[in-house]
Amino acid sequence: MILRNLKFALNSAWQSFWRNLAVSLAAVLSITLILILAGINLLVGHALSQVLDGFRTKVSEISINVSDDTPLTNVYEFQQQLAADPRIASVQFITKDEALKRFKSDPQNMILAQQIEGNPLDAKLDVQVRNLDDVASIDALARKWSGVDPTDPTNYQGDFVNRMLQLSQWLELAGVGLLIILLIISVVIVMNTIRTAVYHRRKEIEVMKLVGATEWFVRGPFVIEGVMTGLIAAAISLALLVVGYEPAVVRFKSDIGFIPLSYDPAFISSLARDLLLAGALLGALGSYIGVRRYVRI
Amino acid sequence: MVLTPDFATRPVISFQHVHKTYPTGTEALRDVNLEVPEGDFLFLVGPSGAGKSTLVRLLIREEKPSKGKIFVDGVELGRMKRRKLPHYRRKVGLVFQDFKLLPNLTVYENIAFALRVLGEADHSIKNRVAEALDTVSLYGKENTYPANLSGGEQQRVAIARALVHAPRFIIADEPTGNLDPATAWEIMQLFLRINARGATVVMATHNREIVDLLRRRVVAIDAGQIARDDRSGRYHDDFAKSEVRAQ
């Protein structure tokens, strides 16, 4: 019986979609545009998170400068103390000589390196912190250590990191906000489309109810029609986004080279899943709300 | 054969002190008490706006009473849960003055529609629709659309749809209102046949000739109240003075 009802609902939904083709196509088009915007939002969000991940790895690494008069045993002790800290991923001790070698090997420092006499560089402890939020407290810990160079304790730039963190949080929030607005708009569009279809079929619905159809029997075809509309829109928007994704990344890369954008084909499968799921759910939800008033027995 | 309703047994339809006031303040029914035994054939008569249609709407649970109780087959309609309502409506066959046929479906599809919503299998639908078409003498018109049928034929399709799921009750609201006298009489014959098979029939009507000829139970409603309930009555009271009163 469930299969027979499903068959009836599918047939009705299909017929209704074609019978009100103009309205159906208008809905598909509107939802396609919204899903494209939602898709772009997801792609931009993904690119930003890639950039931010790179940035996070960079800023979660701090160098603690060791004062020249600090005994080596003292440095090793502090290195061990840091290594034992669960917040820290790794600690590496760079001696003065190594620091100078690294400085000289960097082609950017070539001219400066020729003018250096002796070794003005500090030995340092390069610390990789697991979580970006803990960098400030590790920095504070390092500054309290007796062996730290008091004139230039660490390379941590608290303000900059905090600002970047705040910015990334705001961007994330804005992305989610935009996504919610887009989703609400598409629910309203589906709702109105289905209302038009329901209005055309109000007599049929009245008869259905009078002969003893359950609410779900009446509602089913409309919900399926909504899902169909959503899925078609999702498929079209996905196709357009997939075609446009790589050229857009290439174009942006050449225009704004300092942002490390990259084309990530692996993200397409998750984008496809999100868009199709969103399309189907929006369609179903819009229809459900749109048909509710008429279906109520 | 005509079944004689048994007034001694528990009624299948019972109105107990039913009032209906619409949100606009219109008082459509006032303290209505009515009992309908199984197999009864009852005419609801009265002037327009007297409350007949409200009574029908309460019976099919399109409306709930403002006060009082309505029992059908032992179930109180006012307290029936919404999800139970479709199952109740499947026990009822409904016929309306405007037929309520779907214009984009053929005669066959219109009748089959009542079975499709019940989830019946295709072969069973085919057999039952054929039976219903036979009952209303519309065999051969399966593939015709309602627009190509006469008023009488359209009403027969509506009756076929109302009886195709073998309901225990037929509720008809002015079923002959749009038909000429000869056709109206044919339609009435159909209702009598359905009643003879055991279905209880409640019919709101303005058709005086039919009511007077058939001499079935007549409940007259006036200004929202039951003015008269005759077991074998006529349309107007002055013809029925010598009749046995039901109550």
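B:His17 is placed in strand S1 of chain B, in what is a predicted model. Its phi is near 50 degrees, a positive value in a residue other than glycine. B:His17 counts as exposed because it has 12 C-beta neighbours inside 10 Å; a residue is exposed with 12 or fewer other C-beta atoms within 10 Å of its own, buried with 20 or more, and partly exposed in between, the C-beta atoms being placed from the backbone. Helices (H or I, at least four residues) and strands (E, at least two) are DSSP runs numbered from the N terminus.

Local features of this predicted model need pLDDT of at least 70 and side-chain atom pairs count only at pLDDT 80 or more, while totals for chains, interfaces and linings use all residues. Residues are numbered from 1 along each chain as its sequence is written, and chains are lettered from A and ligands numbered from 1 in the order in which they are written.

**The four-stranded sheet of chain B**

- Strands S2-S1-S4-S5 of chain B, in that order, form an open sheet with antiparallel pairing; two strands pair if DSSP finds at least two bridges between them.
- Its edge strands are S2 (27-36) and S5 (75-76) of chain B, each of which pairs on one side only.
- Strand S1 (residues 13-21) of chain B is joined to S2(B) by 6 bridges in the antiparallel sense.
- B:Ile13 has B:Val36 as its bridge partner in S2(B).

**The six-stranded sheet of chain B**

- A second open sheet, of 6 strands, has the order S6-S7-S8-S3-S9-S10 (chain B) and mixed pairing.
- At its edges are strand S6 (92-96) and strand S10 (225-230) of chain B, each pairing on one side only.
- On average, neighbouring strands of this sheet are turned by 15 degrees against each other, direction ignored.
- Strand S3 (residues 41-45) of chain B runs parallel to strand S8 (residues 200-204) of chain B, and 4 bridges join them.
- S3(B) also pairs with S9(B) in the parallel sense, over 4 bridges, and B:Val45 has B:Ala220 as its bridge partner in S9(B).
- Strand S9 (residues 217-222) of chain B is largely enclosed by the rest of the structure, because 5 of its 6 residues are buried.
- S9(B) and S10(B) run antiparallel and are joined by 5 bridges, with B:Gln225 in S10(B) as the bridge partner of B:Asp222.
- The hairpin of S9(B) and S10(B) has 2 residues between the strands, and B:Ala223 in this hairpin takes a positive phi near 50 degrees.

**Selected residues of chain B**

- B:Ala204 lies in strand S8 of chain B, where B:Leu44 stands opposite it.
- B:Ala204 counts as buried because it has 26 C-beta neighbours inside 10 Å.
- Apart from neighbours within four places in sequence, B:Ala204 is in contact with B:Leu44, B:Lys52, B:Ser53, B:Val56, B:Asp173 and B:Glu174; contact requires C-beta atoms, placed from the backbone, to lie within 7 Å.
- B:Leu55 is 149 residues from B:Ala204 in sequence and 9.0 Å from it in space, C-alpha to C-alpha.
- B:Phe99 is placed in the loop between S6 and helix H3 (107-116) of chain B.
- Phi of B:Phe99 is near 65 degrees, a positive value in a residue other than glycine.
- B:Phe99 counts as buried because it has 20 C-beta neighbours inside 10 Å.

**Chain A**

- Chain A has 10 helices and 3 strands, which follow the pattern α-α-β-α-β-α-α-β-α-α-α-α-α along the sequence.
- Of its 297 residues, 31% count as buried.
- Among the contacts in chain A with a separation of 6 or more, 86% are between residues 24 or more positions apart.
- The axes of helix H9 (residues 215-255) and helix H10 (residues 266-295) of chain A come within 7 Å and cross at roughly 150 degrees; axes are lines fitted to C-alpha atoms, for helices over the stretch in contact, and angles run from 0 to 180 degrees between N-to-C directions.
- H9(A) is therefore roughly antiparallel to H10(A), a label for angles over 145 degrees, whereas those under 35 count as roughly parallel, 65 to 115 as roughly perpendicular and the rest as oblique.

**Contact between chains A and B**

- Chain A contributes 16 residues to the contact and chain B contributes 16 residues.
- Helix H1 (2-19) and helix H8 (202-210) of chain A are the elements that give two or more residues to the side of chain A that touches chain B.
- H8(A) gives the most to that side, with 6 residues.

Technical notes: Contact = placed C-beta atoms within 7 Å.
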